[in-house]
Amino acid sequence: MADTLDSLETRSPEQRERELMSRLPQLVARAKAAAGWSRILHDVNAADINSRAALATLPVTRKSDLHGLQKQQAPFGGLNTTPVGQLSRVFMSPGPIFDPEGRGQDWWRFARPMYAAGVRAGGLLQNCFSYHFTPAAFMVEGGAARIGCAVIPAGAGQTEMQVQAISHLRPDTYIGTPSFLKIIIEKAQELGTDISSIRQALMSAEALPESLRNWFVEHGVPHVLQCYASADIGSIAYETQSGGTRDPGMVLDEDLILEIVRPGTGDPVPDGEIGEVVVTLFNADYPLIRFATGDLSAVLAGAPPSPCGRTNTRIKGWMGRADQTTKVRAMFVHPSQVHDVTRRHPEIVKARLVVSGQMAHDVMTLHCEVADPSSASSAVAITESIRDLTKLRGEVRFAAIGSLPNDGKVIDDIRDYK
């Protein structure tokens with residue numbers, strides 16, 4: 001059985017770099033044919049963009065810019081090169097932010113992390129990402145089709161049915177969020193149901209602390225790897241294993257160029273230094289050029305090739321956010337959404353969203369400065385606005401005017417990931 005999905009993963013670093021750089025001019029030229037990219041790259045000569053140094057001269061487009069760009073030109077801000085009606089799907093994430101999916105095989109390039117996690121042709125996996133509006137479940141579907149395995153389209157929720165499906169159908173792989181697998185395992189224990197067929201798991205969309213990874217091993221899932229992906233890009237990097245042991249870092253996908261830049265700038269930092277993840281993606285339908293994700297990471301400086309045999313650059317994985325955007329139960333929550341809540345409720349003088357709790361038990365509380373903290377008459381309405389704008393449940397606490405910290409924070413993530 002091959003240890004890699006294809007020969008691209010074992011190219012020499014020099015060959016990979018040459019081939020990626022040789023593709024850059026064509027990528028920039030194709031992107032400039034789209035109205036949005038034409039505005040961003042209006043004075044760029046595509047033929048000149050054939051090296052990392054040349055790429056670093058181009059402007060950074062931030063994920064946080066998408067909402068504004070898409071309001072100016074629906075639905076994708078003019079960044080798509082394939083017309084909407086010729087796409088396969090259109091997704092909507094909170095914000096709202098709209099993301100396309102084209103018709104190509106494994107469009108999100110998710111087969112690589114799945115294969116690295118142990119998914120093989122003829123296997124059966126339980127796909128527990130949501131099939132509702134957002135693309136993660138379809139990333140898995142595309143990867144499974146390329147590999148040649150079957151999928152149980154379980155989605156999220158209905159925990160008892162999840163346990164029943166595993167018990168009766170005996171899938172070998174779980175793919176979804178870490179918190180939901182923990183809930184499934186706890187429900188199976190409560191019901192006395194055997195779900196031991198799950199021997200491997202691929203996690204994404206949430207942080208995976210080592211304590212929780214070890215908990216999965218202790219509860220019968222010996223091989224747990226994670227993938228770093230986004231709704232705009234698809235797979236960015238993924239963990240690998242050798243001889244059943246997890247390898248250090250995350251291996252980059254083969255169809256993108258990664259830069260780590262100083263947060264708030266487009267300036268690349270030296271290997272090993274923590275900075276913001278910026279991705280240039282070779283995608284015929286939705287090319288992204290110097291797309292800043294808002295995530296922090298660092299290249300594993302001076303590291304030898306991964307023990308698994310893959311030769312691409314490795315990064316340390318997700319290391320936090322360069323801005324105050326955070327994830328709660330696998331959904332992004334943006335400072336702009338907190339601002340939108342306060343705009344709906346003029347009685348709120350100042351607000352601060354505090355995210356607390358532990359993995360799988362997140363608590364989201366909006367602390368609101370109001371003139372009369374003893375009055376709870378508007379708490380229900382504010383709670384409804386939180387749910388409407390973030391698609392998540394949240395609590396409300398009132399505070400006296402001037403009592404919240406004056407530190408510029410709109411979202412304060414104080415969760416315990418230990």
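Start by selecting T61: at 4% relative accessibility, this residue counts as buried (buried is under 20% relative accessible area, exposed is over 50%, and partly exposed is in between, with a 1.4 Å probe and protein chains only). Before you click on, know that this is a predicted model, where local features need pLDDT of at least 70, side-chain atom pairs count only at pLDDT 80 or more, and totals for chains, interfaces and linings use all residues. Residues are numbered from 1 along each chain as its sequence is written, and side-chain values use heavy atoms, with hydrogens and water left out.

**Stop 1: around T61**

T61 belongs to strand β1, residues 61-62. Helices (H or I, at least four residues) and strands (E, at least two) are DSSP runs here, numbered from the N terminus. Now show what surrounds T61. Setting aside neighbours within four places in sequence, T61 is in contact with W37, I40, L69, I289, R290, F291 and A292; contact means heavy atoms within 4.5 Å.

**Stop 2: strand β15**

Next, select residues 288-297, which make up strand β15 and include L288. Is L288 buried or exposed? Buried: its relative accessibility is 0%. Beyond its neighbours within four places in sequence, L288 is in contact with W37, D232, I233, V279, T280 and L281.

R290 isn't a glycine, but its phi is positive, about 50°. R290 is also buried, with a relative accessible area of 1%.

**Stop 3: two cis bonds**

Zoom to A74 and P75. The peptide bond from A74 to P75 is cis, with omega near -5°. P75 is in the loop between α4 (66-72) and β2 (89-93).

Then jump to G95 and P96, where the peptide bond is again cis, with omega near -10°. You'll find P96 in the loop between β2 and β3 (97-101).

**Stop 4: the two domains**

Colour residues 7-322 one way and 328-413 another: these are domain 1 and domain 2, with bounds that come from an automatic or database domain assignment. How far apart are the C-alpha centres of domain 1 and domain 2? They lie 30 Å apart. Across the boundary, 12 residues of domain 1 are in contact with 10 residues of domain 2.

Over residues 138-279, the chain is 31% helix and 30% strand, and the end C-alpha atoms are 21 Å apart.

**Stop 5: the largest pocket**

Select S130, T134, R329, A330 and M331. Of the 48 residues that line the largest pocket, these five lie nearest its centre. On a 1 Å grid over the protein atoms alone, a pocket is an open set of points with protein on both sides within 12 Å along at least five of seven lines, a cavity is a set of points where a 1.4 Å probe fits but cannot get out, and lining residues have an atom within 4 Å of a point.

The largest pocket has a volume of about 1400 Å³, where grid points are joined across faces, edges and corners and a volume is the space filled by probe spheres set on the points. Domain 1 and domain 2 each give at least three residues to the pocket's lining. By class, that lining holds 23 nonpolar, 13 polar and 12 charged residues (Ala, Val, Leu, Ile, Met, Phe, Trp, Tyr, Cys and Pro count as nonpolar, Asp, Glu, Lys and Arg as charged, and the others, Gly among them, as polar).

Take a closer look at R329, in the loop between β17 (326-328) and β18 (331-333). R329 has a positive phi, near 50°, without being a glycine. With a relative accessible area of 29%, R329 is partly exposed.

**Stop 6: the cavity**

At least two lining residues come from each of α10 (335-344), β20 (361-370) and α11 (379-390). The largest share, 3 residues, belongs to α10. By class, the cavity lining is 7 nonpolar and 2 polar, with no charged residues.
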